[in-house]
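The sequence and the structure come before the text.

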Amino acid sequence: MNPKALSRNALLIFVALFSLVIAIYLMPRLNPFFASSPHLTRAQARAVVEECLQRQKWNVEGFFCDALYLYDGSGLDYLMGTFGAIPIINLGREDRLPLSYWHFEFYRNDPRDQQRETFSFNVSPTGKLLGFGHNLPDSVARDSLSSVAAQQLAVQTLQSWLDTPASAFKLEQSSSIKKPKRTDHRFDFVRTAPELGEGAEVVEIKIAGNELTSGWHYFREPQNFTAVSGVVGSANILINVISVAVYLVLLFTVLVAFLRKYHEGEIGVRTGIWLGGIVFFTLVFSAVNSWEHLGFGVGMGAISQFYTKLIQFGLQTVFGYNFIALMVMSSWTVGEQALRIDKPSLLSGVDSLFNFKWLSKNLGRELPLGFAFGAIAVGVTHLLGYVLIHTFGAIPRIGSGSGGAFGQYLPFYGMLVTIIMGALFDELVFRLFLITYLRRWLKSSAAAILLSALLYAVFFIFFNDTYGFRASYQIMLPIFALGLIQGYVFWRYGLLAAMASIVFFSVANQIGVLLSSPAPFFIGNAFAAILLLAGMLVVGLIALKRGETFEYTPEDEPAHIRRIKERVRLQKELEIAHRVQLGLLPKTNPTVSGFDIAGICIPALEVGGDYFDFVDLHEGNLGIAVGDVSGKGIPAAIYMTLTKGILQSHAGEDPSPKHVLSKVNSLMYRTIERNWYVSMFYAVLDSRRRLLRFARAGHNPGIIFRTGESQARLLQTAGIGLGLDPGEKFNRTLVEGELQISPGDTLVLYTDGFTEAMNSDTEEFGEERFLDILQRYKNSSASELVQYIIEAVREFAGEQPQHDDMTLVVLKALH
């Protein structure tokens, strides 16, 4: 490795490590998930619940049980907005306020429109009972307590329950409700303090008859907080709607592009199907991994809670996971096809990975680089988050009902989901497909990366499974920066490098949260992820040092890649042919005393069959030819080249256009296939005598505008196309004409590509419009008249593709 490369790599490693240190320092000061990480696992919290069940003598046999780890999103939102992020994160860590908890809910599979018996419990991160509840149906009979006796029981419960002295709580309200067979009582005890702002710490106790049925300890934000905070304001709703719209437009665009390419037979779908399938089943198992969160807080009329889970799972699978998998499949198939044409080297790493060449140099070049940039992305996004919070007053927030990785059965699998979704969804959709697609549209790699990063940031506002900010659009800044980094890594180093970068970025954030918990179970899951990342990095370094470069052999190369390469080869050959053909046409307009002459040929395809030429003849005469081969594409271009060679070889032998075309026809007939022919208008200009002799072999008539005449005249002599007849009929039919040209006269020779140009309504430009444009601008110079005609035809056609070659020659006699 040369010294410059060593210095560059050393700098990259230093920046990556420095960025990682910044992230490690800032993460617990910015991320609201650090506010209250659990010290207990689900099983340990369940043991606390079992103690309460035994103490209360409640029987939950035959009940379903859901266990979720939840954060009080609105409470954290208010407190962080009032006191700042760092003090509230520290407050939550000390477990001084009920800001997060394990929530257990026991229920039977009964319809919701029936009175149901349920049990609920909240357990704090350190194992304190924050809440318990037994929902008794109204029909259950109990001996009733008086209001005084019920209040005494509530006060005794308050005194024996909390660590905070009961004297700090004041009775805010009490109520009694008469049920058919008992009387229920509710007592709300409230503690206010400066450190709570306008919020309050609440203990809510309910007594059904003579039974203590519930006690809930929670933080209550001010009543009007949700309205004044803007969390559900119109601006916030609008930006989230835009975020969803970006997803839907992307989904539609990707699927349309896939269907079009698939119909054209230009893509291979096997790998795309595999990748889409991996994403689909990853998401399905992810739902299972977070099964107890499914259906939480969701009501579907009278449908029971368990069936609500199943329905939500089915809806997510059909309308969520399927479409995400389709996006991944389509993004890969379309993006791969385009990238193999534009910049195939960017796929060398994933080619190696997908062909199980895990120790190839391709992989070794990209994997360590990706990890380095992933570390930089972690540091940059946290630094921007810090700036947003401390400079612009952004408030970090998490949604109610979110428990992050702690609520999953296996957090390590949750991180695998993050790896797969980051590598296969984010990178295939926003980098492989979107950047490649936008680059072709914008004609700029930098603009494509910028726009892709912006769309990524907008998409992230709604589809964000980490934490965000209030206001929600503020998350766009760090995610936009992430999109820029990922786009640069993708376009500079390759798709696998971008995948490695997003994997490191996503997993590093989750590892930090898991390590904030002292519970060995969560720490173990975090270290499993660290070992996975370390293993991937070691494999990459070994591959870089010892691996060999992987390249497809002709035998192993997938059929669709062979088709793409063949298409690229053909495209390059067509580009060469196009340059060659343009080289055969006149490079400059001829200079003839007393005349202004201009010509142009615009092929419809890369190469075409239209032709024009200027031939210098004896005594200063000029031969002018405009021709049109009956077909298009490469065969037409070949016949055009043949026609040019034959015409130029015979034009100097005879000043008669008829005789020249007769010789050209004779040779063309012996050479050209029977279903092909060439039409041509050939004229010889005698500039001294201002005399034009011409012949028309089945071509469009020439158009002459005479000085002093308001209407154009057509040079419409008889003749048939070149190559249709061996000579006898051709010579008998062909008529030579002669025209004396006066100062100010304008002659126009053209092919039917102009008059047959179509717009979106399949309406032709037509000869009438063509003549009208010529009439309107006939006093312009020859070059200006050519441009006026081209602009008029293009404006008429609009976005419709040019379906035929267009050739035009203008000759003006000067005064």
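## Cysteines

C601 has a relative accessibility of 11% and counts as buried (buried means under 20% relative accessible area, exposed over 50%, partly exposed in between, with a 1.4 Å probe and protein chains only). C65 is partly exposed, at 22% relative accessible area.

This is a predicted model, in which local features need pLDDT of at least 70 and side-chain atom pairs count only at pLDDT 80 or more, while totals for chains, interfaces and linings use all residues. Residues are numbered from 1 along each chain as its sequence is written, and side-chain values use heavy atoms, with hydrogens and water left out.

A disulfide is a pair of cysteine sulfur atoms within 2.5 Å. The count by this rule is 0 disulfides. C65 is in no disulfide, and its nearest cysteine sulfur, that of C52, lies 13 Å away.

## The sheet

Helices (H or I, at least four residues) and strands (E, at least two) are DSSP runs, numbered from the N terminus. Two strands pair if DSSP finds at least two bridges between them. An open sheet has 8 strands in the order β1-β2-β3-β4-β8-β7-β6-β5, and the pairing is antiparallel. Because β1 (64–71) and β5 (170–179) stand at the edges with a single partner strand each, one side of each has no neighbour in the sheet. Neighbouring strands are turned by 20° against each other on average, direction ignored (axes are lines fitted to C-alpha atoms, for helices over the stretch in contact, and angles run from 0 to 180 degrees between N-to-C directions).

## Inside and against the sheet

Strands β4 (residues 129–135) and β8 (residues 211–220) run antiparallel and are joined by 3 bridges. G133 has S214 in β8 as its bridge partner.

Helix α9 (residues 305–342) packs on the sheet and touches β1 and β2 (100–107), where contact means heavy atoms within 4.5 Å. The direction of α9 makes about 115° with that of β2.
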